[in-house]
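Welcome! Take a moment with the display, then work through the topics one at a time.

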Amino acid sequence: QVQLVESGGGLVQAGGSLRLSCAASGRTFSIYTMGWFRQAPGKEREFVAALTWRGASTTFADSVKGRFTISRDNAKNTVYLQMNSLKPEDTAVYYCAVQVAGSTRYDYWGQGTQVTVSS
């Protein structure tokens, strides 16, 4: 089992920045990829960004490329999502997720943190 706790959400004006954190605990040695997803009201959950835990390879949704970055602190078992130039359409609940080695899906999910961008 891997437990995930997100933090850092809040209310920000358009053009502002927020940094989300996701701290992992438990069987962290099994982590292969950590990712961020979001779900806006009335919409399906969508992929935002991901980072491989060992190689630090990153991927981003087209909608956030150039504005969001993802990074990690291995010593703290924490992944960060730095969100810059925020837009009202970035408003959503953001979830951290973990894919463990050998899995083809994201296996563990955090409880989510609300991000609200006002215009």
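This briefing goes from the whole chain to its core, then to some individual residues.

Please keep in mind that this is a predicted model. The protein chain has zero helices and eleven strands. Its radius of gyration is 13 Å, close to the 14 Å that the globule rule gives for 119 residues, so the chain is as compact as a globular protein of that length.

**The whole chain**

- Reading from the N terminus, the elements run β-β-β-β-β-β-β-β-β-β-β.
- The C-alpha trace spans about 40 × 25 × 25 Å along its principal axes.
- Of the 119 residues in the protein chain, 45% are buried.
- The chain exposes about 6,200 Å², and carbon and sulfur atoms supply 48% of that area.
- Take the contacts between residues at least 6 apart in sequence: 52% of them join residues at least 24 apart.

**The nonpolar core**

- In soluble globular proteins, nonpolar side chains tend to be buried together.
- Here, the largest nonpolar core has 30 residues. Met34, Trp36, Leu81, Met83 and Tyr94 are the residues with the most contacts inside this core.
- Which elements give two or more residues to this core? They are strands E1 (2-7), E3 (18-26), E4 (31-39), E5 (46-52), E7 (68-73), E8 (78-83), E9 (92-100) and E11 (113-118).
- E9 gives the most to this core, with five residues.

**Aromatic rings that pair up**

- A search of the whole structure finds four aromatic pairs.
- One of them joins phenylalanine 37 and phenylalanine 47 edge-to-face, at 5.7 Å centre to centre with 75° between the planes. Phenylalanine 37 sits in strand E4 and phenylalanine 47 in strand E5, ten residues apart.
- Ring pairs link Phe37, Phe47, Tyr106 and Trp109 into a cluster.

**Serine 30, a buried loop residue**

- Where is serine 30? Its place is in the loop between E3 and E4.
- With a relative accessible area of 16%, serine 30 is under the 20% cut-off and therefore counts as buried.
- A polar atom of the serine 30 side chain lies 2.6 Å from the backbone oxygen of arginine 27.
- Not counting residues up to four places away in sequence, serine 30 touches Val2, Gln99, Val100 and Ala101.

**Arginine 67, another buried loop residue**

- Arginine 67 is found in the loop between strand E6 (58-60) and E7.
- Its relative accessibility is 10%, so arginine 67 counts as buried.
- Which residues does arginine 67 contact, leaving aside its neighbours within four places in sequence? They are Gln82, Met83, Asn84, Ser85, Leu86, Lys87 and Asp90. Met83 is also among the residues with the most contacts inside the largest nonpolar core.

Technical notes. Residues are numbered from 1 along each chain as its sequence is written. This is a predicted model: local features need pLDDT of at least 70, side-chain atom pairs count only at pLDDT 80 or more; totals for chains, interfaces and linings use all residues. Side-chain values use heavy atoms; hydrogens and water are left out. A nonpolar core is a set of buried Ala, Val, Leu, Ile, Met, Phe, Trp, Tyr and Cys residues joined through side-chain atoms within 4.5 Å. Buried means under 20% relative accessible area, exposed over 50%, partly exposed in between (1.4 Å probe, protein chains only). Helices (H or I, at least four residues) and strands (E, at least two) are DSSP runs, numbered from the N terminus. A polar contact is a pair of N or O atoms within 3.5 Å; within protein, one must be able to donate a hydrogen and the other to accept it, and residues adjacent in sequence count only if both atoms are side-chain atoms. Contact means heavy atoms within 4.5 Å. The radius of gyration is taken over C-alpha atoms; the globule rule is 2.2 Å times the number of residues to the power 0.38. Accessible areas come from the Shrake-Rupley method with a 1.4 Å probe; for residues, only the protein chains shown count as cover. Rings of Phe, Tyr and Trp (its six-membered ring) pair if their centres lie within 6.5 Å; planes under 30 degrees apart count as stacked, over 60 as edge-to-face and the rest as tilted.
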